[in-house]
Amino acid sequence: MSTISEHSTPLLHVDEKHMLRSIQIAKNGLGFTAPNPMVGCVIVHEGNIIGEGFTSPYGGSHAEVNAINAIADVSKLEKSTLYVTLEPCSHFGKTPPCADFIIKHKIPKVVIGLKDPHKKVAGKGIEKLKNAGCTVKVGVAKEACREHHKRFLTYQIKKRPFIILKWAETQDGFIAPEHNQRNENPEPYWITNPFSRQLVHQWRSEEQGILAGTNTILADNPKLDVRDWTGKSPVRIVLDAKGKLSKKFHVMDGSQPTMVFTSLENPKGDMDGIEYRTIDYKKDMAFQICEELYRSNMQSIIIEGGAQTLQTFIDAGLWDEARIFKGPSIFKNGVGAPKISGSTVYSRYIREDQLTVLKND
């Protein structure tokens with residue numbers, strides 16, 4: 001006879017199990033669906049999954065539609081349960097309302113992870129389903145759904161992008177060598193190994209924008225694109241208060257959309273792929289940038305430097321996650337790493353590099 005230890009992991013409720021599966025498949029849309037949320041949907045008939053779907057790239061079908069369209073025998077839908085990570089939309093946007101599509105197919109039960117805070121939805125999809133006779137259950141695996149939808153929720157509720165800080169520091173706490181050392185040897189000073197650097201390119205592919213300050217551009221001339229991973233390069237967001245950056249820098253080459261924040265009232269004018277935004281660098285720079293990015297439907301950004309830019313956002317409290325690598329090298333002198341405090345989400349090693357992820361409390 002088999003027994004279950006009192007220390008065994010408790011069995012998941014069937015609704016939780018299917019919702020976690022919905023989250024799992026929703027991640028296929030990471031980096032492609034924004035500014036739409038990356039929703040996942042599972043349809044279950046008599047205990048078996050008969051359809052799955054996730055949100056298509058922006059402008060395409062939503063998760064519920066893709067899941068329903070994946071089913072060969074649609075007659076089963078009248079005796080099925082639909083699981084979805086976020087409340088089905090109830091308004092016409094790029095596509096018709098998902099709530100109407102569910103009702104059209106007479107699906108009797110809908111299980112929802114989170115209510116959608118978007119002002120055009122915000123309970124209207126739930127209400128529409130209930131009025132059509134659907135049984136609706138809300139809040140299943142809600143913490144997991146909230147973590148999954150953190151970008152979308154931050155954008156909708158806090159009216160700014162979800163902000164990820166990233167840097168690599170040496171064992172003795174420096175993120176770059178001294179300037180005179182760079183002048184003697186302008187080659188890149190890698191702190192982390194190739195595997196960590198590849199992971200960073202994966203992260204870039206997952207966010208809408210990537211931000212770097214003037215000093216980082218002048219010192220490193222980075223491309224700020226996705227090369228060591230398959231995916232879409234983010235919009236480059238560059239700080240250039242005094243117009244120091246020219247076309248000789250990769251970020252100004254027009255190869256991918258670039259937004260330049262300047263203090264000049266009359267910047268050089270938009271070049272191909274380059275858009276200028278004027279802000280007051282003497283007043284709450286980080287808040288102004290967030291306001292502009294929100295107006296541009298930028299749902300998430302990753303900030304990769306430099307130390308001054310990172311510290312500006314830290315001091316303003318405008319960050320959600322910090323992903324910090326600590327490599328094995330020692331510089332003795334150089335540019336100090338930002339000062340930050342937060343709760344540790346996890347810490348792990350990528351060969352000799354230690355990666356620590358913090359959450360802003």
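Helices (H or I, at least four residues) and strands (E, at least two) are DSSP runs, numbered from the N terminus. The views below come from a predicted model, in which local features need pLDDT of at least 70, side-chain atom pairs count only at pLDDT 80 or more, and totals for chains, interfaces and linings use all residues. Residues are numbered from 1 along each chain as its sequence is written, and side-chain values use heavy atoms, with hydrogens and water left out.

**View 1. The largest pocket and its lining.** A pocket is an open set of points on a 1 Å grid over the protein atoms alone, where a 1.4 Å probe fits, with protein on both sides within 12 Å along at least five of seven lines; lining residues have an atom within 4 Å of a point. Here the volume, meaning the space filled by probe spheres set on the points, is about 1400 Å³. Look for Thr 216, Asp 220, Glu 304, Gly 305 and Gly 306, which lie nearest the centre among 48 lining residues. Helix H9 (214-220) is one of the elements that give two or more residues to this lining, and H9 gives the most, with 5 residues.

**View 2. A cis bond between two glycines.** The peptide bond from Gly 305 to Gly 306 is cis, with omega near 0°. You will find Gly 306 in the loop between E12 and H11.

**View 3. Strand E12 and its partners.** In a regular strand the side chains alternate between the two faces of the sheet. From E12 (residues 300-303), Ser 300 and Ile 302 point one way while Ile 301 and Ile 303 point the other, and all are buried (under 20% relative accessible area; exposed is over 50%, partly exposed in between, with a 1.4 Å probe and protein chains only). Two strands pair if DSSP finds at least two bridges between them. E12 pairs with E6 in the parallel sense over 4 bridges, and Ile 164 stands opposite Ile 302. Strand E8 (residues 209-212) also pairs with E12 in the parallel sense, over 3 bridges; there, Gly 209 has Ile 301 as its bridge partner.

**View 4. Two residues with positive phi.** Lys 106, in the loop between helix H3 (98-104) and strand E4 (109-114), has phi near 55°. Is Lys 106 buried or exposed? At 56% relative accessibility, Lys 106 counts as exposed. Leu 224 has phi near 55° too, and sits in the loop between H9 and strand E9 (235-239). Leu 224 is buried, with a relative accessible area of 3%.
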